[in-house]
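Please read it alongside the sequence and the coordinates.

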Amino acid sequence: MARAILFAIAVALPVAGLAQNAWPAHAVRIVATSPPGGSVDFLARALAEDFARTYGVPFVVENRPGANGNIGVEVVMKAPADGHAMFVSPPGPFSINAHLMAGMPFDPLRDIAPAAMLAVAPLLLVVHPSVPARNLPELLAWLRAQNGRATYASQAVASTGFLAMELLKSRTGVEATHVPYKGSAAQATADLLAGRVSMSFVNTSTTLPHIASGRLRAIGVAELARIRAAPDIPTLDESGLRGFEATTWLGLGMRAGTPRDIVQRLAGRSALALAEPQAVTHMASLGIERRPMAPEAFAAFLREDSAKWADIIRRTGAKAE
């Protein structure tokens, strides 16, 4: 973490070169790949406010949801690679969609310049209280006894929650029936609370109050370390699934070919912007945690993330709806 902060401070300082003098030449677009409200929109607007104050030109947020993030990213891919357009998005366009969707309008690993990972939204594996399991071994035993009749909810086939469950099934050999909700997290949560589906991988922000009230039961966190928002909930890694990790993260991307110094400066500035106390507090209320990552490290992470999900998608035969 300290190294990330030092990186952020270093690249936020002025550097020599033409791009430093010429950029930004006019207003800059930040495309949010989700509708207004929520974590993607908040991060885009927090960055826009800080960047405008730092660089002296307007940074305008445009919400372009759809196609699991592809619509918004395609807007940036069609803009000049001069640093005047960028996007904020969950994993879909970066490392998942290319393995699920035919006719992708861009090649993520070739056409996107990864600027920075911004934050993570830890996933929790939860069950309805009617499920007679209080930990991972008990849940796996129950699922084996159900022989595929148990159900799990997700927002869609392209969602991280769906892929997390497919990863769990692949790692353990259990079966369960997928119930997708076509992008509606609210409806998926409502049916989970009502017991119409048995379990789900869900974000912490909307789930922790239901766990506290007893309406849902937490089985484990899909992170390698326990999360600050719920330190009493064990990780799936420590519960026996070594190395299990399936996180909804949020990243900043640009078009490939954007001058390297611009990408680095924005990466560093984004780390500083999201370290502000007000931003940290608001992120906590949304169930996300700051996770700065420099461009080179983010690019390496994306290659690994893409390969991981490609393998799971290939083995399960999943396709976008």
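## Aromatic pairs

In this predicted model, Trp-249 and Phe-298 are both buried. The centres of their rings are 5.6 Å apart and the ring planes stand at 90°, so the pair is edge-to-face. Trp-249 belongs to strand 10 and Phe-298 to helix 13 (residues 295-316); the two residues are 49 residues apart, and their pair links distant parts of the chain. Ring pairs also join Trp-249 and Phe-298 with Phe-87, Phe-94 and Phe-301 into a cluster.

The count of aromatic pairs comes to 11. One of them is formed by Trp-23 and Tyr-55, whose ring centres lie 5.1 Å apart with planes at 65°; since an angle over 60 degrees counts as edge-to-face, the pair is edge-to-face. This pair, too, links distant parts of the chain: Trp-23 sits in the loop between helix 2 (18-22) and strand 1, whereas Tyr-55 is in helix 3 (residues 38-55), 32 residues apart. Trp-23 has a relative accessible area of 4% and is buried. Tyr-55 is buried as well, with a relative accessible area of 15%, because the cut-off for a buried residue is under 20%.

In which order do the strands of the open sheet of 6 strands follow one another? The order is 2-1-3-10-4-11, and the pairing is mixed. Strand 2 (59-63) and strand 11 (289-293) form the edges; each has a single partner strand, so one side of each is left without a neighbour in the sheet. From one strand to the next, the twist averages 20°.

Strand 1 (residues 28-32) and strand 2 run parallel and are joined by 5 bridges. Within strand 2, Phe-59 is the residue that stands opposite Val-28. Helix 4 (residues 70-77) lies across several strands, namely strand 1, strand 3 (85-89), strand 4 (112-121) and strand 10 (248-255). Relative to strand 3, helix 4 runs at about 160°.

Strand 5 (residues 123-127) and strand 9 run antiparallel, with 4 bridges between them. Arg-217 in strand 9 is the bridge partner of Val-127.

## Helix 8

Helix 8 is mostly covered, with 11 of its 13 residues buried. Among these buried residues are Phe-162, Leu-163, Met-165, Leu-167 and Leu-168, and also Glu-166, Lys-169 and Thr-172. Just after helix 8, Gly-173 adopts a positive phi of about 80°.

In helix 9 (residues 185-194), the buried residues include Ala-188, Asp-191, Leu-192 and Leu-193. The cover over the buried residues of helix 9 includes strand 5, strand 6 (151-154), strand 8 (199-203) and helix 10.

Thr-207 is located in helix 10 (residues 204-213). With a relative accessible area of 2%, Thr-207 is buried. Which residues is Thr-207 in contact with, leaving aside its neighbours within four places in sequence? They are Val-126, Val-202 and Leu-216. The side chain of Thr-207 also reaches the backbone oxygen of Asn-203, at 2.7 Å. Thr-189 lies 18 residues from Thr-207 along the chain, and the C-alpha atoms of the two are separated by 8.5 Å.

Technical notes:
Residues are numbered from 1 along each chain as its sequence is written. This is a predicted model: local features need pLDDT of at least 70, side-chain atom pairs count only at pLDDT 80 or more; totals for chains, interfaces and linings use all residues. Side-chain values use heavy atoms; hydrogens and water are left out. Two strands pair if DSSP finds at least two bridges between them. Axes are lines fitted to C-alpha atoms, for helices over the stretch in contact, and angles run from 0 to 180 degrees between N-to-C directions. Contact means heavy atoms within 4.5 Å. Buried means under 20% relative accessible area, exposed over 50%, partly exposed in between (1.4 Å probe, protein chains only). Rings of Phe, Tyr and Trp (its six-membered ring) pair if their centres lie within 6.5 Å; planes under 30 degrees apart count as stacked, over 60 as edge-to-face and the rest as tilted. A polar contact is a pair of N or O atoms within 3.5 Å; within protein, one must be able to donate a hydrogen and the other to accept it, and residues adjacent in sequence count only if both atoms are side-chain atoms.
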